[in-house]
Amino acid sequence: MVEGWRNGFRDATNSKPLFVTIYATVIIGVLVSSFYVFSAIYSPTNGSSSFLSFPPLSTSGRIHSLPQENATLELPVAPPPPPQALPPPVLEEAQGNSLGKIWVSPPRDKKMPPLETFKLTKELFGERVKDNVIIVTFGNYAFMDFILTWVKHLTDLDLSNILVGAMDTKLLEALYWKGVPVFDMGSHMSTVDVGWGSPTFHKMGREKVILIDSVLPFGYELLMCDTDMVWLKNPMPYLARFPDADVLTSSDQVVPTVIDDSLDIWQQVGAAYNIGIFHWRPTESAKKLAKEWKEILLADDKVWDQNGFNEIVRRQLGPSVEGDSGLFYAYDGNLKVGILPASIFCSGHTYFVQAMYQQLRLEPYAVHTTFQYAGTEGKRHRLREGMVFYDPPEYYDSPGGFIAFKPSIPKSLLLDGKHTIESHFILVNHQMKQIRSALAIASLLNRTLVMPPIWCRLDRLWFGHPGTLQGSMTRQPFICPLDHVFEVNIMLKELPEEEFGPGIGIREYSFLDNPLLPKQVKESWLDVQLCQEGKEGCEASNNTSPSRVLKFPKRSNEDTFKAIFSSFDDVKVIKFSSIEDAFIGFSDKEREERFRRRVKRYVGIWCCEENKTPGHIYYDMYWDEKPGWKPVPPQTPEEDHPPL
């Protein structure tokens, strides 16, 4: 339950410098035109705001306007990408005024320097500091891809005053050979994912506090970040607006206290201060806080680092610092604190569920993958849904190719009636049945399934609630993250094939709109239109129209699918216009049973009905096979298990 409050994306404003450079190069010498282009990019009336003329229903930075008239809503495989999309991951050299280059690998004939070279020292940090600020994250090798994504976003923003703390030698060596500034945390930690809440996880939290306490005496400002967040906009100008602040911290606040880019109103922030994003100045008050925080954690290994921080900072809250900065006194009455606005220093809820920044017409600075499920895999998938995660090229060109489909949702399921537990499950179950068929077809054809966007009527939380959090900006219905319905970690886990059948790869719903998708995939496409067998032109054949469209009979079996689509093994993307009634079932009953065992484990729970213990309700992939199935919590302890 605590994970969501611990764990919190994007607008890709980091691409603006790149656009300016391109335009300046193309139109060099034409000063008036160059000025016009520059103004257009930064104008508040350009795509970054004008496309928001209707409040969005987005979970990953896109607009999803609800239809008002159509009897049936047919959703795209992936909604249109935002106007400023993630640029291709070309690892350009990034260099500050006097800083060493990033993404420039050392010569391979060069020997790895001794570990002592990477020891945490003032001199090592001083080599990376710019304007007296250093931006730091840390982790172990299991989070290598998160760390590379974190670094790439910062260098895209032309920020190179960064350092990564390596908690194991494997990560240190890997980052060194990639040209990423790294230092040794001296932790000698395991290289595997430690899991939230584990003893090793708490050890990582203590390492953060020790690091802050060690760096502040160097005299540098420290922007400390967790690895499961990304920067979408240069935060330095924003932080510089509050020169009197000792500490600026993010929070788990889900109800807006301001509607602009001011600091959150501290008297109205009831949620925990979240230490995944916070900025420290090397003042005496800040150093005193860091020292006491470290001592508390080292004295009791049961204290969670974030709880410890909140406990001591909240010993005294207020009064406000004189003026209208939004700062306030805390801790010992001398520490000046500011709470970064949750609308633009986003949590996983304000970004992926509420899309608060969009509704307020603001540009987000950062997103932290909190308020999410399915562990590390859930975090990674959320960032992928928002197209701000950097995967290797092979992720975008799976050897077997991809299958996608356009889900259909009757308007009545989405828009009509009240938002209740019953109407939520009717909506989700309708989509789940289509996804089940798509998973079966993907398994048959040995293709990776591009998941569709999933519409929800109710939010998912760790406790009883009335459907959405009171006071939040959650719109109903909304496109919910995949981990609200599916156990992403189980979907991506290797399960024994003899028991669960062949694995089925998945991709995020925004996958086909991602700018990182290579040309050879974008241009290798087959549209499949279902038709009624017996009608003219509807027959099991591999003949396609001149526009590369294949007519395919509804209710086809395993053998027909294999026979027809084996002719298109070289096609990268096969997209079905609909998946309803496409597949009648497996011919091989043993394979079907293994498939059923697999996909039953894919779905999670909805949580939670108010004033019920337990109040959670299990999703059931085969709900339609159980007459009278209803979305109710388990009635007895014996019933409290995933559906069989």
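Buried here means under 20% relative accessible area, exposed means over 50%, and partly exposed lies in between (1.4 Å probe, protein chains only). By that cut-off cysteine 531, with a relative accessible area of 12%, is buried. The model is predicted, so local features need pLDDT of at least 70 and side-chain atom pairs count only at pLDDT 80 or more, while totals for chains, interfaces and linings use all residues. Residues are numbered from 1 along each chain as its sequence is written, and side-chain values use heavy atoms, with hydrogens and water left out.

**Disulfides**

- A disulfide is a pair of cysteine sulfur atoms within 2.5 Å, and the count by this rule is three.
- Counting bonded cysteines along the protein chain, the pattern of the disulfides is 1-2, 3-4, 5-6.
- Cysteine 456 and cysteine 480 are joined with their sulfur atoms 2.1 Å apart. This link is right-handed, with 50 degrees about the S-S bond. Cysteine 456 lies in strand 17 (residues 454–456) and cysteine 480 in strand 18 (residues 478–480), so the pair ties together parts that are 24 residues apart in sequence.
- Helices (H or I, at least four residues) and strands (E, at least two) are DSSP runs, numbered from the N terminus.
- Cysteine 456 is buried at 1% relative accessible area, and cysteine 480 is buried at 2%.
- Cysteine 531 and cysteine 538 form a disulfide with sulfur atoms 2.0 Å apart. The torsion about their S-S bond is about 85 degrees, so this disulfide is right-handed. Cysteine 538 counts as buried, at 6% relative accessibility.
- Cysteine 607 and cysteine 608 form a disulfide with a sulfur distance of 1.5 Å. The link of cysteine 607 and cysteine 608 is left-handed, with -65 degrees about the S-S bond. Cysteine 607 is buried at 7% relative accessible area, and cysteine 608 is buried at 9%.

**Other buried cysteines and a sheet**

- Cysteine 225 is buried, with a relative accessible area of 0%, and cysteine 346 is buried, with 1%.
- Three strands make an open sheet of mixed pairing, in the order 6-13-12. Strand 6 (229–231) and strand 12 (345–346) are at the edges with a single partner strand each, so one side of each has no neighbour in the sheet.
- Two strands pair if DSSP finds at least two bridges between them. Strand 12 and strand 13 (residues 366–368) pair in the parallel sense over two bridges.
- Cysteine 346 has valine 367, in strand 13, as its bridge partner.
- Strands of a sheet pair through backbone hydrogen bonds, either parallel or antiparallel.

**Nonpolar cores**

- A nonpolar core is a set of buried Ala, Val, Leu, Ile, Met, Phe, Trp, Tyr and Cys residues joined through side-chain atoms within 4.5 Å.
- The largest nonpolar core has 55 residues, of which Phe486, Phe561, Phe565 and Phe576 touch the most other members. Helix 16 (residues 421–445) supplies the largest share of this core, twelve residues.
- Contact means heavy atoms within 4.5 Å. With neighbours within four places in sequence left aside, phenylalanine 486 is in contact with Met432, Ile435, Met451, Ile454, Met491, Tyr602, Val603, Gly604 and Met621.
- A second, separate core has 47 residues, including Leu172, Leu175, Val180 and Ile277.
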